[in-house]
Amino acid sequence: MLHIVSVNTIGDVITVIERALLFIILLRIISGSIEISAAALMYKFNDLEKAFYINSMLALVGPVILIVTTGLALSGLTEKISLTRMVCLFSGVLLILFSLKAK
């Protein structure tokens, strides 16, 4: 059966979608836009050195988005999961970031 939801204002959208989820979606859209823009700049400059510099800047954006979206998700789930589980999840994210930097 098809359910049709009437959305009249931005406030109605926020009530349909949880606020934390909405922020995560927006951050991922922004992150994807940054990635596509970086690829377009690399193509425009057509220079390996500049592409390397742009790629290095992207290496800063990815982990920041990962940490912020994980933090938002955990804050949205505070009532649903235990503190121990939250600490384990956030520690896992930190271990992923640490392993990327390890030699």
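Q: Where is Asn46 found, and how are the helices on either side defined?
A: Asn46 sits in the loop between H2 and H3. Helices here are DSSP runs of H or I with at least four residues, strands are runs of E with at least two, and both are numbered from the N terminus. This is a predicted model, in which local features need pLDDT of at least 70 and side-chain atom pairs count only at pLDDT 80 or more, while totals for chains, interfaces and linings use all residues. Residues are numbered from 1 along each chain as its sequence is written, and side-chain values use heavy atoms, with hydrogens and water left out.

Q: Why is Asn46 called exposed?
A: A residue is buried under 20% relative accessible area, exposed over 50%, and partly exposed in between (1.4 Å probe, protein chains only). Asn46 has 69% relative accessibility, so it counts as exposed.

Q: How do you know that the span of H3 agrees with its number of residues?
A: The expected span is 1.5 Å times one less than the number of residues. H3 (residues 48-76) has 29 residues and should therefore span 42 Å; its end C-alpha atoms are 42 Å apart, which agrees.

Q: Why are H2 and H3 called roughly antiparallel?
A: Two packed helices are described by the angle between their axes and the distance between the axes. Axes are lines fitted to C-alpha atoms, for helices over the stretch in contact, with angles from 0 to 180 degrees between N-to-C directions. Angles under 35 degrees count as roughly parallel, over 145 as roughly antiparallel, 65 to 115 as roughly perpendicular and the rest as oblique. The axes of H2 and H3 cross at roughly 175° and come within 10 Å. H2 and H3 are therefore roughly antiparallel to each other. Their contact has 18 nonpolar, 4 polar and 3 charged residues. In this count Ala, Val, Leu, Ile, Met, Phe, Trp, Tyr, Cys and Pro are nonpolar, Asp, Glu, Lys and Arg are charged, and the others, Gly among them, are polar.

Q: What makes H3 and H4 roughly antiparallel?
A: Their axes cross at roughly 175° and come within 11 Å. H3 and H4 are therefore roughly antiparallel to each other. Their contact divides into 9 nonpolar residues, 1 polar and no charged.

Q: Which residues meet where H3 and H4 are in contact?
A: Contact means heavy atoms within 4.5 Å. From H3 come Pro63, Leu66, Ile67, Thr70 and Leu74, and from H4 come Met86, Leu89, Phe90, Val93 and Leu97.

Q: What covers the buried residues of H3?
A: The cover includes H2 (19-45) and H4 (83-101). The buried residues of H3 are Ala51, Ile54, Leu58, Ile65, Thr69, Thr70 and Leu74.

Q: Why is Ala38 called buried?
A: Ala38 lies in H2. Its relative accessible area is 6%, so it is buried. Leaving aside neighbours within four places in sequence, Ala38 is in contact with Ile54 and Leu58.

Q: Why does Ile24 count as buried?
A: Ile24 has a relative accessible area of 18%, so it is buried. Beyond four places in sequence, Ile24 is in contact with Thr69, Leu72 and Ala73.

Q: Is Gly62 buried, exposed or partly exposed, and how do you know?
A: Gly62 has a relative accessible area of 31%, so it is partly exposed. Gly62 is in H3, and its C-alpha atom is 7.6 Å from that of Ser31, 31 residues apart along the chain.

Q: How many helices and strands does the protein chain have?
A: There are 4 helices and 0 strands, and from the N terminus on the elements run α-α-α-α. Of the 103 residues, 16% count as buried.
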